[in-house]
Protein chains: 2
Amino acid sequence: MSKRQSWRLVRRPDGEISDDDLSFAQEDIPPLADGDILVDVDYISVDATNRIWMSDADQYMPPVKIGDIMRAGVAGKVIASRHPNFTAGMTVGGLGGYASHIVASGDLFGSLPDVPGLALPTLFGSLGGTALTAYFGLLKIGEPKPGETLVVSAAAGAVGSMVGQIGRIKGCRVIGIAGGTEKCRYVVEELGFDGCADYKAGDLGAQLDALCPDGIDINFENVGGDIMDTVMQRMTNFSRMPLCGMISMYDHLTEIQGPKAWSKILMNRIRVQGFIVSDYMAEFETASADLVSWALAGKLKTREDVRPGLDNALHILRDLYRGGNNGKLLIKV
Amino acid sequence: MSKRQSWRLVRRPDGEISDDDLSFAQEDIPPLADGDILVDVDYISVDATNRIWMSDADQYMPPVKIGDIMRAGVAGKVIASRHPNFTAGMTVGGLGGYASHIVASGDLFGSLPDVPGLALPTLFGSLGGTALTAYFGLLKIGEPKPGETLVVSAAAGAVGSMVGQIGRIKGCRVIGIAGGTEKCRYVVEELGFDGCADYKAGDLGAQLDALCPDGIDINFENVGGDIMDTVMQRMTNFSRMPLCGMISMYDHLTEIQGPKAWSKILMNRIRVQGFIVSDYMAEFETASADLVSWALAGKLKTREDVRPGLDNALHILRDLYRGGNNGKLLIKV
């Protein structure tokens with residue numbers, strides 16, 4: 001067991017990720033330095049932000065270096081440890097990469113508890129980093145108040161589905177935006193949103209006008225582009241806009257232009273604020289406890305889209321940007 | 001004394017304000033309704049936001065109606081009152097218009113105290129609405145901390161000059177942006193800013209790099225457009241951007257596009273927040289007391305550019321958008 005399979009970044013994608021941007025190979029597992037752990041990876045979290053890390057545009061973490069294993073959140077079992085917090089056999093989650101085995105500093109990992117009733121893909125996938133992103137973005141920046149109208153784009157996605165459900169828990173009227181009848185049905189009937197606009201069905205503005213007659217108090221922004229502009233035009237005075245992502249624009253990160261509705265920020269005194277989940281690391285434990293208790297109480301429904309095969313990673317990742325996933329997207333190694 | 005002179009909006013400007021957009025005429029002073037006061041106007045505050053009120057773009061107050069007297073902040077003496085708070089002879093300031101006499105609800109006015117050492121143009125002009133705008137935008141949204149770098153555009157202007165000086169009082173390193181050597185000299189030598197970039201001198205980015213080696217923690221944004229983009233590219237993690245105005249874009253309000261640096265808001269977790277001074281009306285008294293005490297203590301230098309002649313109002317107003325004023329622009333009626 002001294003070999004592993006891994007995806008390495010060989011050049012920065014120009015537009016959509018192509019097969020030639022990363023290389024898949026078998027290689028020796030490197031030795032552990034002091035403080036490192038070796039993790040046998042069970043699940044890889046496939047996240048929109050992966051595309052940011054591939055680019056060299058100005059970003060919130062250093063870009064992945066050319067030649068390095070492509071970065072990703074992973075969960076698995078510790079096989080060997082030279083870090084005081086970990087011993088072989090522990091189940092852990094943290095920042096690893098698209099590989100069957102990861103050697104990395106133990107500081108980037110935490111142990112995953114055994115929660116009866118919650119399988120690892122749910123605990124690590126649906127209730128992991130993406131749920132924490134939803135939690136902190138909505139509660140810290142969105143500041144939801146009972147009776148307010150919350151709109152969340154990419155509503156059937158890993159973050160959006162959590163944002164909407166947490167918004168409901170906090171007493172908001174929650175309207176999703178998703179692409180297609182089935183995603184909208186899922187969001188309303190299974191997740192309990194108050195409504196969902198289908199951006200593929202035409203005239204998103206008219207749909208939002210009907211669904212949000214009193215305007216939009218919180219826009220949890222995941223996508224950017226035209227959808228963002230359409231939502232912003234309907235935001236109320238003193239409304240908030242946690243800026244979580246702009247998945248529609250990641251293929252051309254350096255060319256992103258701000259919203260056409262820019263003057264609304266002034267006229268309606270809107271607060272727009274970007275955030276990254278790791279900024280709230282000190283509060284992860286409390287937040288995870290909330291998320292797990294809501295899930296166990298049936299208030300937070302989860303769904304994972306688990307795809308087998310590390311060798312198939314690029315197809316799976318591209319599917320995320322096309323909206324082809326149904327729930328939190330994970331690769332089972 | 002039953003006649004007055006007034007400027008009425010006859011059509012909405014398309015681009016720069018033209019002579020045919022407003023009409024100047026002599027007319028009867030209307031009778032007072034219950035709750036009204038009649039003010040003999042001494043000074044009219046010429047403010048960037050006047051251009052917004054002339055347009056019918058979505059805005060924070062109702063636009064001025066076609067045919068109405070053009071709205072403006074005014075100071076003067078009460079001649080007659082049917083409002084319980086006011087009696088003839090009181091000096092008042094409030095929301096009136098470009099006219100020699102204003103009949104309006106007393107609810108839109110407040111009495112101006114007699115402060116020894118501060119003339120009316122200083123108290124009403126420099127330390128009035130524009131100073132309150134600077135005060136609340138900087139303190140409530142900018143949240144300045146000692147040692148932080150604050151950049152303010154339109155630094156020699158009525159709002160910008162106050163923002164920079166209040167930033168200095170709060171312990172910030174303050175860098176202005178102004179147009180031309182003389183304005184930059186004024187800002188540094190007379191107002192005590194730590195530096196000033198001259199946007200007319202070319203390569204604003206390089207000037208800011210030299211003046212703000214550790215990046216920009218607060219961008220008090222007054223102008224929009226290319227200057228805003230250049231500043232935003234240099235904002236630090238967790239920096240704040242009170243969005244006070246976008247004077248460079250008021251001629252084409254409906255076409256304002258957001259910053260090219262939009263993705264910086266996400267990557268650097270910037271908070272962008274629009275505000276309007278009237279949102280903080282409940283705290284005006286405390287704020288005014290601070291401003292007056294700082295001015296009397298010599299910590300807050302003021303300068304008014306008082307121009308005579310109500311009939312000359314359009315020339316004076318246009319000069320504001322060309323940056324032709326030196327200090328808080330007022331019309332002496």
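Biologist: Let's start at A:K3: what is its relative accessible area?

Modeller: A:K3 has 42%, so it is partly exposed. Some ground rules: this is a predicted model, where local features need pLDDT of at least 70 and side-chain atom pairs count only at pLDDT 80 or more, while totals for chains, interfaces and linings use all residues. Residues are numbered from 1 along each chain as its sequence is written, chains are lettered from A and ligands numbered from 1 in the order in which they are written, and side-chain values use heavy atoms, with hydrogens and water left out.

Biologist: And which side chain does A:K3 meet in a salt bridge?

Modeller: General idea: side chains of opposite charge can pair when their charged atoms come close. The rule here asks for a side-chain nitrogen of Lys or Arg within 4 Å of a carboxyl oxygen of Asp or Glu. A:K3 pairs with A:D28 at 2.7 Å, N to O. That joins distant parts of the chain, with A:K3 in strand β1 of chain A and A:D28 in strand β2 of chain A, 25 residues apart. Helices (H or I, at least four residues) and strands (E, at least two) are DSSP runs, numbered from the N terminus.

Biologist: How many salt bridges are there over all chains?

Modeller: The search of the whole structure gives 48. One of them is B:D226 with B:K260, whose closest N and O atoms are 3.9 Å apart. B:D226 sits in helix α7 (residues 225–232) of chain B and B:K260 in the loop between β12 and α8 of chain B, so the pair ties together parts 34 residues apart in sequence. B:D226 counts as exposed at 56%, and B:K260 as partly exposed at 49%. There is a network as well: salt bridges link A:E182, A:R185, A:E189 and A:E190.

Biologist: On to the interface: how many residues does each chain give to the contact, and what area is buried between them?

Modeller: The size of an interface is often given as the accessible area lost when the parts come together. Here buried area is the accessible area (1.4 Å probe) that two parts lose on being put together, summed over both, and contact means heavy atoms within 4.5 Å. Chain B and chain A each give 34 residues to the contact. The area buried between them is about 3,000 Å², with carbon and sulfur atoms giving 64%. B:W262, B:L266 and B:M267 supply 27% of what chain B buries against chain A, more than any other three residues.

Biologist: How many salt bridges lie across that interface?

Modeller: The rule finds four between chain B and chain A. One of them is B:R269 with A:D279, the closest N and O atoms being 2.7 Å apart. As for elements, β12 (235–243), α8 (262–267) and β13 (271–274) of chain B each give two or more residues to the side that touches chain A. The largest share, six residues, comes from α8(B).

Biologist: What about helix α10 of chain A: how many of its nine residues are buried?

Modeller: Seven are, so α10 (residues 313–321) is largely enclosed by the rest of the structure. Its buried residues pack against β1 (3–9), β2 (22–28), α1 (49–54), β14 (304–308) and β15 of chain A. Just after the helix, A:G323 takes a positive phi of about 70°.

Biologist: What is phi for A:F238 and A:R269?

Modeller: A:F238 is near 65° and A:R269 near 55°, each a positive value in a residue other than glycine. A:F238 is in strand β12 of chain A and is partly exposed at 45%. A:R269 is in the loop between α8 (262–267) and β13 of chain A, and counts as buried at 9%.

Terms used:
Buried means under 20% relative accessible area, exposed over 50%, partly exposed in between (1.4 Å probe, protein chains only).
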